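Biologist: I would like to learn how to read a model of this kind, one feature at a time. Could you take me through it slowly, with the general idea before each case?

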Amino acid sequence: MDPAKQPSAPEWNTDMKAIEKIFGNRARNDIIRVLAVSDQMTYGDLREQVGIRDSTLHRHLRALEEYGVIAADLPPGQRQGRGVRYSIRRARVEALGQAWMRYLLGESSE
């Protein structure tokens, strides 16, 4: 078994699980990259820029929001039939990137 995935490996914490799910997926990286160069984008604009199907984009946006790397201007219960604007949470993306580098370089997370 990969030592990094063993439950006893303290370095493989919640952030590392998020990093694996976010940065290990091309579409999620593309969404983050597109949002990084824009203040905010609508769902339709993101779909056009990233070029993926609605159901796939919806799933990725929901995951990215859950991991805290993007934010929507409306809470989930108020989105039906309304134009939602998404933005990047740059500090969270940077923090995850730094945690990933510390892990890869064998440095302490403290």
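Predicted model: local features only at pLDDT ≥ 70, side-chain atom pairs only at ≥ 80, totals over all residues.

Biologist: What percentage of the protein chain is buried, and which residues of helix 1 are buried?

Modeller: Buried means under 20% relative accessible area, exposed over 50%, and partly exposed in between, using a 1.4 Å probe and protein chains only. By that rule, 32% of the 110 residues in the protein chain are buried. In helix 1, which spans residues 14-23, the buried residues are Met16, Ala18, Ile19, Ile22 and Phe23. Seen down the helix axis, they fall within an arc of 155° (taken from the directions from the axis to the C-beta atoms), so they line one face of helix 1. The general idea is that an α-helix has 3.6 residues a turn, so residues three or four places apart point the same way.

Biologist: Against which helices do the buried residues of helix 1 pack?

Modeller: They pack against helix 2 (26-36), helix 4 and helix 5 (90-104). Helix 4 is also where His60 is found, and at 4% relative accessibility His60 counts as buried. Not counting residues up to four places away in sequence, His60 touches Asn25, Ala27, Arg28, Ile31 and Ile52. His60 and Ile31 are 29 residues apart in sequence, with their C-alpha atoms 8.4 Å apart in space.

Biologist: Is Ser87 buried or exposed, and which residues does Ser87 touch?

Modeller: Ser87, in strand 3 (residues 85-88), has a relative accessible area of 17% and is therefore buried. Leaving out residues up to four places away in sequence, Ser87 touches Leu35, Asp39, Gln40, Val69, Ile70 and Ala71.

Biologist: Which residues line the largest pocket, and what is its volume?

Modeller: A pocket is found on a 1 Å grid over the protein atoms alone, as an open set of points where a 1.4 Å probe fits, with protein on both sides within 12 Å along at least five of seven lines; lining residues have an atom within 4 Å of a point. Here the largest pocket has a volume of about 270 Å³, volume being the space filled by probe spheres set on the points. Its lining includes Tyr43, His58, Arg62 and Tyr86, and helix 4 (residues 54-66) gives the largest share, 5 residues.

Note on methods
Residues numbered from 1 in each chain as written. Heavy atoms only, no water. Helix = DSSP H or I, 4+ residues; strand = E, 2+ residues; numbered from the N terminus. Contact = heavy atoms within 4.5 Å.
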